[in-house]
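Open the model in your viewer and keep the sequence panel beside it.

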Amino acid sequence: MSSYIEKVRSVNEKREAPPLAHVHNYGCQLNVTDGEKLKGILLQMGYGFTELPEEADLVIFNTCAVRENAEERVFGNLGFLKQYKEKKRDMIICVSGCMTEQSVIVEKIKSSYKYVDIVFGTNAFDRFPQFVFEIMNGRKHFYDEQGPGNDLSEGIDQIRSSTFKASVPIMYGCNNFCTYCIVPYVRGRERSRSPEVIVDEVRKLVNDGYKEIMLLGQNVNSYGNDLNGDISFPELLRMINAIDGEFIVRFMSSHPKDAGKDLIDSITECEKVGNFLHLPVQSGSNSVLERMNRRYTAEKYLEIIEYARSKSDDFTFSTDILIGFPNETNEEFEDTLKIVEKARYSNIYSFIYSKRTGTKAALIEDAVPYSEKQERMQRLLELQRQITTEDYKKYIGKTLTVLCESEGKGGEGTLTGKSREFIIVNFCGDKSLIGSFVKVKITGARNWAVDGELV
């Protein structure tokens, strides 16, 4: 890779003005991290950066394939790029990420978006400089279709979007094959990074002043299964917790089938790990969970919740819920409302089912009207608003440790951040506090956040 980086850099250094690149990420935090790595490579190749695609000499759309509307946005934005390409003929347009791991998408780009120069997947970072160099030297298109593969993309410097929050992938891929999910097909099978490499990366980030470390994986609870059983995810958390410095560790996502007492124990016993777990339930109906191939029951799921709350009263959960899985009945949806009432999440991320071509669920004929799914979504959201409004009142009078993240929506003099429990906290203070931990006494509660004042 380094030889092609130098070749591209040599070309760019001969330009009258330094070239600019525009990188747009779609989808999850893992995609954002991939985009940061691509920026690191681009910087080495002599590119600066711009937020405006019309100013760019090279554009990358780093795509997501989880939901259909994400793909539609990509194609819509690709359409806009055509006019810029016509004005700047040497502009290089690239499409990368999960979408490009689907052959049907690549064929669509080939036939309908012929002005796209480079198409590459989630496993081609080391070959990306070569693609750019060959396009610079007259090649018309470069379509890399090698598939997800087993590469871990180690040793690539990142241009991080924050100076105090950093994401660190600990593994890639997924072995679960939920019937509605395309991820195993576009990200490949599970591959764990070396624990020593992860710990070293986190230590360097902490030494550089980063205060929040987000560990990423499609299913972090499977971490280490491919490393001969020498290490588990709870053990990795304890290793990271032992690093010197003031920081907080968060992670996502956890699969309930692999979330056991050892995970909860490590969270509650490690003072640097947030007292919080994002645990996607998807549905509260056992029959729907079986059709989804989730491999746990609602009862087993609630056992995890109950055990965590027995260890710590302030332990909080968030979740993902999929509304309208094909042929979901009213009774099955009511089971979802019941599990929301019992789990009492601090937050939910809810979605109406979107058919993904290539998954087993896409083959199911669905008799439930979309309008009915929308009504169910509204009922779910109203229930969650009631729960958070009630439960957040318990924080009034308490003092929480908060990582101050940004200015608040209240304008100048207001700040917002998240507590160890991953609760959004709004308070007044000077913006110089952004990026640091503060103590905030809670004075009020809303249905999405709490309000407080600096101690």
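**Before selecting**

This is a predicted model, in which local features need pLDDT of at least 70 and side-chain atom pairs count only at pLDDT 80 or more, while totals for chains, interfaces and linings use all residues. Residues are numbered from 1 along each chain as its sequence is written, and side-chain values use heavy atoms, with hydrogens and water left out. Helices (H or I, at least four residues) and strands (E, at least two) are DSSP runs numbered from the N terminus.

**Stop 1: the nonpolar cores**

Select Leu215, Phe233, Ile240 and Phe251. Of the 56 residues in the largest nonpolar core, these four touch the most other members. A nonpolar core here is a set of buried Ala, Val, Leu, Ile, Met, Phe, Trp, Tyr and Cys residues joined through side-chain atoms within 4.5 Å. Buried means under 20% relative accessible area, exposed means over 50%, and partly exposed lies in between (1.4 Å probe, protein chains only). Now colour helix 11 (residues 298-311), which supplies the largest share of this core, six residues.

Centre on Leu215. Leaving aside neighbours within four places in sequence, its contacts (heavy atoms within 4.5 Å) include Val168, Ile170, Phe233, Ile240 and Phe251. A second, separate core has 25 residues, among them Met91, Cys98, Tyr115 and Val116. In soluble globular proteins, nonpolar side chains tend to be buried together.

**Stop 2: a pocket and a cavity**

Rolling a probe the size of a water molecule over the atoms shows where empty space is left. On a 1 Å grid over the protein atoms alone, a cavity is a set of points where a 1.4 Å probe fits but cannot get out; a pocket is an open set with protein on both sides within 12 Å along at least five of seven lines; lining residues have an atom within 4 Å of a point. Grid points are joined across faces, edges and corners, and a volume is the space filled by probe spheres set on the points.

The second largest pocket holds about 400 Å³ of space. Select Lys85, Arg89, Asp90, Met91 and Asp117, which are the closest to its centre of the 18 lining residues. Two elements give two or more residues to this lining, helix 3 (68-87) and helix 5 (128-136), and helix 3 gives the most, with three. What classes of residue line the second largest pocket? The lining divides into six nonpolar, two polar and 10 charged residues. In this scheme Ala, Val, Leu, Ile, Met, Phe, Trp, Tyr, Cys and Pro are nonpolar, Asp, Glu, Lys and Arg are charged, and the others, Gly among them, are polar.

Next, select Val249, Arg250, Phe251, Gly274 and Phe276, which line the second largest cavity. That cavity has about 40 Å³ of space, and the structure holds two cavities of 30 Å³ or more. Strand 11 (residues 248-252) gives the most to its lining, with three residues.

**Stop 3: buried residues, in loops and a strand**

Go to Asn275, in the loop between helix 9 (261-269) and strand 12 (276-278). Is Asn275 buried or exposed? With a relative accessible area of 5%, Asn275 is buried. Beyond four places in sequence, its contacts include Ile267, Asp314, Arg420 and Glu421.

Pro326 lies in the loop between strand 13 (316-323) and helix 12 (330-343), and is buried at 2% relative accessible area. Draw a C-alpha to C-alpha distance from Pro326 to Ala367: the two are 41 residues apart in sequence and 7.4 Å apart in space.

Leu400 sits in strand 15 (residues 399-407) and counts as buried at 6% relative accessibility. Among its contacts beyond four places in sequence are Tyr395, Val425, Val438 and Ile442.

**Stop 4: backbone geometry**

Most residues other than glycine have a negative phi, and most peptide bonds are trans. Select Met252 and Ser253, which are joined by a cis peptide bond with omega about 5 degrees. Ser253 is in the loop between strand 11 and helix 9.

Then select Phe177, where phi is positive, near 50 degrees. Phe177 lies in the loop between strand 8 (171-172) and helix 6 (183-187) and is partly exposed at 24%. Finish at Asn293, with a positive phi of about 65 degrees, in the loop between helix 10 (286-292) and helix 11.
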